[in-house]
Amino acid sequence: MKKIIVANWKMNGGVEFLRNYFSAGFTASNQIDTVFCPQFPLLNSFADYANKYGFFLGAQDCHHEFKGAFTGDVSAELLKEISVNYVILGHSERREYHFEKNEVIAKKFSQAQKFNLTPILCIGESLIDREKGNYKDFLLTQLSNSLPENFTSNFIIAYEPIWSIGTGVIATNDQIIEVFSLIKEFLNNKIGSDVDKIRILYGGSVNDKNVGDLSKIKDLSGYLVGSASLKRDQFSIISNSLL
Ligand code: PGA
């Protein structure tokens, strides 16, 4: 199974920024999958670079319905049409600022798979749940309810503790290992041996300084990277740590 690195640019990076980012060239190793998730209007411009440098396009969200009167939303079908391969779903920022509930995320998951987009399903507990000690129950409920009733094994899980996103505070390897085995056990009960096809990522304050330690985690399939992915040199170091 190939490892994967996903750059989540969030609401950062415009046309000029994109040009500068790739101005000195870019090398995406064919030993890992590299995915860039820029703001929607940049996806088309990104497609040229994706072909040239051998990486994949990802979207930061998609709508849960096929099409219709949903002002401001973007359909999975259109994303597929413009060569997007991956879609981040259930990011904690969407859950918080757009009030997305597990049930709607499960619908988005179905819609994405219907159009052959690979969902990158994000789960993660708050600091309160971590400190209260009920984070395992929280994560299992979140994972279980964010998955639709029927799904294929073409998806990725990203464990992103909310307290680690954009804070500079990174989960310890033991904390990550514990949650990864929880996720694996859950998936094993659900899809049996197909669990071996599912890549599980860590996200939250990953940078060029802390990847050395993180890469010691045996079951880690890669990273979902926010702010450090905006700096090309840092992002390359993080990618190379997966080789
Ligand atoms: P961060 O964001 O790397 O800036 O913490 C990660 C994410 O939100 O996906």
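Ala, Val, Leu, Ile, Met, Phe, Trp, Tyr, Cys and Pro count here as nonpolar, Asp, Glu, Lys and Arg as charged, and the others, Gly among them, as polar. Keep that sorting in mind as we walk through the structure. What you see is a predicted model, in which local features need pLDDT of at least 70 and side-chain atom pairs count only at pLDDT 80 or more, while totals for chains, interfaces and linings use all residues. Residues are numbered from 1 along each chain as its sequence is written, and side-chain values use heavy atoms, with hydrogens and water left out.

Let's start with the whole chain. The protein chain holds ten helices and eight strands; helices (H or I, at least four residues) and strands (E, at least two) are DSSP runs, numbered from the N terminus. Its C-alpha trace spans about 45 × 45 × 35 Å along the principal axes.

Now turn to the ligand. By class, its shell has three nonpolar, eight polar and two charged residues. Of the 13 residues around the ligand, Lys-10, His-91, Glu-160, Gly-166 and Ser-205 come nearest, where being near means having a heavy atom within 4 Å.

Which backbones come up to oxygen atoms of the ligand? A backbone N or O atom of Gly-166 lies 2.7 Å from one, a backbone N or O atom of Ser-205 lies 2.8 Å from one, and a polar backbone atom of Gly-226 is 2.9 Å from one. Taken alone, the ligand exposes 280 Å², and the protein buries 98% of that (areas by the Shrake-Rupley method with a 1.4 Å probe).

Finally, look at Gln-60, in the loop between β3 (56-59) and α3 (76-81). A polar atom of the Gln-60 side chain lies 3.0 Å from the backbone oxygen of Cys-37, and the side chain of Gln-60 also reaches the backbone oxygen of Pro-38 at 3.2 Å.

Notes: A polar contact is a pair of N or O atoms within 3.5 Å; within protein, one must be able to donate a hydrogen and the other to accept it, and residues adjacent in sequence count only if both atoms are side-chain atoms.
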